[in-house]
Amino acid sequence: MAFPNLFLYINPITTLFSCHLQFQSFSYQSKFSSLKQQPTTMAMAFKMATTGMWVTDDCKNSFMEMKWKKVHRYIVFKIDEKSRRVTVDKVGGPGESYDDLTASLPIDDCRYAVFDFDFVTVDNCRKSKLFFIAWSPAASRIRAKMLYATSKDGLRRVLDGISYEVQATDPTEMGIDVIKHKAN
């Protein structure tokens, strides 16, 4: 008996799910118009279906090193429009600060960033939270803003373990006081 191959495709224009089952001699196709049926995390880990962007293994590996080994303080991601891939733009060492992260973000282009924020609670407990920052400055191109906005959810699904999300269009919207307020 032949086992079917399952292909899941989300059309960004019509937002219809297409599920293709292929057998050796025939194929069956059905469409679901309900958005309640979400694709699996595994499918999203390899391709961000909403825009056709791919997340490189370097992004996933750097994030896991930051999350588990605490090797990095922050990671800045960028989208390479020609190859349609999300890649690592910059990695901050464990001794770098939040100011180093904000200085590494460009003034005229969009980026994603993940920051490992260490803090002490009121009960004197040391904690660490991962922040996802969607940086979309007003001076960036409209095409870049739309591309980063539509690809954000797919990247968030790949980066499992993010505690909080911050969307910023200027540096005041992502200041350290905003991060501290969200963490407490």
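This is a predicted model: local features need pLDDT of at least 70, side-chain atom pairs count only at pLDDT 80 or more; totals for chains, interfaces and linings use all residues.
**Strand 5.** I began with strand 5, residues 74–80, and asked how many of its seven residues are buried. The count came to five, so strand 5 is largely enclosed by the rest of the structure.

Next I looked up its partners. Strand 6, residues 85–92, runs antiparallel to strand 5 and is joined to it by seven bridges.

**Aromatics.** I then turned to the rings and found seven aromatic pairs in the structure. Why does the pair Phe 117 and Phe 119 count as stacked? Their ring centres are 5.5 Å apart and their planes stand at 15°, so the pair falls under the 30 degrees cut-off for stacking. Phe 117 is buried, at a relative accessible area of 9%, and Phe 119 is buried too, at 12%. Both belong to one aromatic cluster, together with Tyr 98, Phe 115, Phe 131 and Tyr 164.

**Thr 56.** Last, I checked Thr 56, in the loop between strand 4 (54–55) and helix 2 (57–69). Is Thr 56 buried or exposed? I have it as buried, because its relative accessible area is 15%, under the 20% limit. Leaving out residues up to four places away in sequence, I listed its contacts as Arg 85, Val 86 and Thr 87.

Methods: Residues are numbered from 1 along each chain as its sequence is written. Side-chain values use heavy atoms; hydrogens and water are left out. Helices (H or I, at least four residues) and strands (E, at least two) are DSSP runs, numbered from the N terminus. Buried means under 20% relative accessible area, exposed over 50%, partly exposed in between (1.4 Å probe, protein chains only). Contact means heavy atoms within 4.5 Å. Rings of Phe, Tyr and Trp (its six-membered ring) pair if their centres lie within 6.5 Å; planes under 30 degrees apart count as stacked, over 60 as edge-to-face and the rest as tilted. Two strands pair if DSSP finds at least two bridges between them.
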